Structure formats: C-alpha cells, structure tokens
Amino acid sequence: MLHKPLVTRTLARYIAAARWEDVPPPVRHQAKRSLINLFAVALAGCRTDPIEIAFRSLAEFSGGRTATLIGRSERIDALSAAFLNAAAANVHDFCDTHVATVIHPTAPVAPALLALAELRAVRGCDLLLAFILGNEIQARIALAISPQHYNKGWHITSTCGVFGAAVASGKLLGLDERQLISALGTASTQSAGLCECLGMPAKSVSVGNAARNGLWSALLAEKGFEGPDEPLTGRQGFYNALGDIPDVSRITDRLGESYEIMATSYKPYPCGFVIHPVLDCVLDWRRDHPAVEATRVVVRGNPLLAHRTDRPDISTGRESQVSVQHAVAAALVHGAAGLDQFTDACVGDPRVKALRGKVEVLRDESFSTIAAAVDVTVADGVVHRLSQSAARGSDANPMSDSDLEAKLRTVAASWRPRADITPLIDAIWALDQRDDVSRLASLAVP
C-alpha cells in the first residue's frame, strides 16, 4: 500500500515559501488570461436556471451580503459566492481546460480568491500568485493519477479542484506550512464529483463545492482546525481511498521550475473540449460549402471523445454540451457553435435532430485529445476528408489576448448590449499593480 509521508509537506513548504518575484513573466500573463476567460464564462452562466435555483436555495440560509456575484446585483456570503461563481463559470462547459488532466482549472480556484479578497485586504500580485499556486497544485495532484482517475468516472475538476482552492486561499491568508497541510487535509475529505452528472445541473454542484470547500478548508486551518499529516499519500489518504496508484514523481518533480498553467487551453466553443477539434473541422467545411447538404458524418478521435461525448440521444441543452453528434449537427445546420447552438431550442430543432442520427463516432488511440478527423459524405456520394491536429484554443493553437477579450465582450453584450466591460479588462491586465482588488468582481456587475 502506498505511503509517502513527505508529499503533502513538500507541497505545503513550497506554497508557504513561494514569492511573486520568482514567477516568470509569461506565467504572470497567463494567469491574467485565465481571469479574463473566467469572467467571460461566469457572465455567460450567471443567469442560467441551475444558478438561479442554487442562488435561491443558498440565499435562504445566508446571513451575510459580503461578497459579489459575477453578473448579478445581489450579494451573498463569501462561501456561497465562491460556490455560485464557480458553478456559473462551469455550467456552460465554456471554461478553460488543462489538457493533460482535463481539469477546468480556473473555476474552482479563482472564485474562492475573489470572495476572499472581499473579506481581507488583498494586493493584486498576491491574488495572482495564490491563483497560480492553486492551479499548479491541483494539476500536479491530478497528473499523478491521470487518465485513470477521470476514466473511472471521477469528475477531476471537482475532486482535485478542492485542493487548488484550499492552497490558493491558504496562500492568500498567509498560512504557514503546518496550517497549509491542515487545509489540504480538510480539503481531501471533501473531495467529490462524478462524471455521471455531466450534462446535468448536478455537475455544477461539485464544481461549486470545490471552490467553497477549498476556501472553507483554508479559513478553518487559519483558526487552528487540524487535518492529517499526509492526506494525499497516507495509508488511508486520498489516493489509497480512491484505489489509485499515483506516479508520485508527477506531484513534486520540478516544482517551482515549471508551471502547469502554461498548458491551459481556452474554449472558443461552449462544450466539452474533446469536441473542439471536431468542430474546427466541421465549421471550416461548412464555411466553404454553405449550400452543400451532408448525408453522413464519421468522426474519429481519441477514445476519450467517444467515452465522454458519444451521445446521439439527448433532449436538453445541458446534455448537448457533451454530445459530439449534436455539436456536429448544430454546426452543420447553423454554421456556428456558440451559446445559442447548445440550448434546448437547438436540441429540438428538427433539422439538427435528423442530422444527429447520421453522425458516427470511432475511437482511435493514435489521436491526442486535441486532434480529430472528420469524413463528411454529401448527397452525390463524395466524401470530404477533414482533420485538425491541434484544436483552436488549445495550448498548441492558443487563443490570442484579443480573442479572449472578444469572448468577454461578446458575452457581456449578450446580457446588456451597451455594457462597457473595458474597465474590467483593463483592471485584470493591470492587476499586479493594484494594492486593493476588493472591487474587481464588482466590475462585472450590471
């Protein structure tokens, strides 16, 4: 049985000692890019039905109005704000992705920090450092058990995101090594989330809980609440309890030298990231052949594509976000793959519904998760063979800064046509120069 007594201590020591001055400029910039994207996807999701229901439920028990809800005029307590902003960021499957683990890294971490920044005096550079560290630790904990952990059905954004939120919040609170170990211990016993919930509102609960419970774990540790010495690799710790045998070297090797945030991919489409290279192929073909009817489509991709998104029989917009058949059909019918293409209305469109049944998905281990091939057969029997080696938005084919700004502006305009989101964008790019970031989230309130 695995027992490595120094793994959690090594992480805690690194977090406690980490300094902003040691973070390379490209890593600092990537953190700001992630925050631009976070506000875009949280604004997109902040008024959806699942978030409305969750808000009404939490508001009944919230005694405080201390924290901002992105895109909403209501305020709520900090723990509930962390939950709701994280859930809103993830509800559309429009958030960023760490490709190697398929974690959505920003949703569990940044909302916890934004809520905490409204409770304590926080400098921008300190918030960015905490965010980078939270991102790093959750990715390393996940890398040690990827891909088997996710393939078993654990929603890795949630199960590992709670660790990221805990250490990020702990760093912002100035916790020492012992307190950080306790925060990780309390986070470990709250690690949960199932892929069975993908495509359902229930998915957002575990993502919201990752942010909320990570923040709470750090606040408890600050007050002396103790956890086990080795919550990760202890005899009955996180890895052993889940039945995973981790590659422990992935947790600590080159810690502080390389940064997993640099492997972040940002989504141009609001659906599962493994669908994105398929959409690239289909949308490019549709643009060049706007009047040609597709009679059959065969998609080939990494086995994860079929495992997670081979879902031809769906009935809701939520389900459509993890259905490659729907994504292909909607893109071919409408020539687009935006928020409007992953709604109940689009799912019920007779043209889209008919085409979904003509899409076949094949597994091919030679493809990476960001690559795919698509064969489109048209009415005269001609087969158009398409391929994408690196999906748009992936770390190998990234969205530019202006692309991310445009994503945020487009979403902001969708809920308020004349909304001026420029002050928020400017504040994020200059975040490391600000001595007080308590009002950052309020810049995204209509």
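**Figure 1. Ser-258 is found in the loop between α12 and β4.** This is a predicted model, in which local features need pLDDT of at least 70 and side-chain atom pairs count only at pLDDT 80 or more, while totals for chains, interfaces and linings use all residues. Residues are numbered from 1 along each chain as its sequence is written, and side-chain values use heavy atoms, with hydrogens and water left out. Helices (H or I, at least four residues) and strands (E, at least two) are DSSP runs numbered from the N terminus. Ser-258 counts as buried because its relative accessibility is 18%, buried meaning under 20% relative accessible area with a 1.4 Å probe and protein chains only. Beyond its neighbours within four places in sequence, Ser-258 is in contact with Glu-136 and Arg-140; contact means heavy atoms within 4.5 Å. Ala-211 lies 47 residues from Ser-258 along the chain, and their C-alpha atoms are separated by 24 Å.

**Figure 2. Two residues that are not glycine, Val-102 and Arg-254, have a positive phi.** With a relative accessible area of 16%, Val-102 is buried.

**Figure 3. Ser-146 and Pro-147 are joined by a cis peptide bond.** Omega at this bond is about 5°. Pro-147 belongs to the loop between α6 (124–143) and α7 (148–151). For context, most peptide bonds are trans.

**Figure 4. Helix α4 (residues 78–90) and helix α10 (residues 202–222) cross at roughly 145°.** Their axes come within 7 Å. The axes are lines fitted to C-alpha atoms over the stretch in contact, with angles running from 0 to 180 degrees between N-to-C directions. The crossing of α4 and α10 is right-handed, a term for a near helix turned clockwise from the far one by less than a right angle. From α4, the contact is made by Ala-78, Leu-79, Ala-82, Phe-83, Ala-86, Ala-87 and Asn-90. From α10, the residues taking part include Lys-203, Val-207, Ala-211, Leu-215, Trp-216 and Leu-219. By class, this contact has twelve nonpolar, four polar and two charged residues. Here Ala, Val, Leu, Ile, Met, Phe, Trp, Tyr, Cys and Pro count as nonpolar, Asp, Glu, Lys and Arg as charged, and the others, Gly among them, as polar.

**Figure 5. Lys-203 and Gly-214 both have their place in helix α10.** Let's start with Lys-203, which is buried at a relative accessible area of 4%. Setting aside residues within four places in sequence, Lys-203 is in contact with Asn-90, Val-91, Asp-93, His-155, Cys-197 and Leu-198. Gly-214 is buried as well, with a relative accessible area of 0%. Residues up to four places away in sequence are again not counted, and Gly-214 touches Val-162, Ala-165, Ala-166, Ser-169 and Asn-209.

**Figure 6. The largest cavity holds about 190 Å³ of space.** A search of the whole structure finds two cavities of 30 Å³ or more. On a 1 Å grid over the protein atoms alone, a cavity is a set of points where a 1.4 Å probe fits but cannot get out, and lining residues have an atom within 4 Å of a point. Grid points are joined across faces, edges and corners, and a volume is the space filled by probe spheres set on the points. In the largest cavity, 16 residues form the lining, and the closest to its centre are His-104, Tyr-150, Gly-272, Phe-273 and Val-274. Helix α14 (residues 303–309) supplies the largest share of this lining, three residues. By class, the lining has seven nonpolar, six polar and three charged residues.

**Figure 7. The second largest cavity has a volume of about 30 Å³.** Its lining consists of Cys-46, Ile-51, Leu-69, Ile-70, Arg-72, Leu-84, Asn-85 and Ala-88. Helix α4 gives the largest share, three residues. Six of the lining residues are nonpolar, one is polar and one is charged.

**Figure 8. Ser-394 is buried in the model, with a relative accessible area of 0%.** Its place is in the loop between β8 (383–388) and α19 (401–415). Without counting residues up to four places away in sequence, Ser-394 touches Ser-265, Phe-273 and Ile-370.

Terms used
Buried means under 20% relative accessible area, exposed over 50%, partly exposed in between (1.4 Å probe, protein chains only). On a 1 Å grid over the protein atoms alone, a cavity is a set of points where a 1.4 Å probe fits but cannot get out, and a pocket is an open set with protein on both sides within 12 Å along at least five of seven lines; lining residues have an atom within 4 Å of a point.
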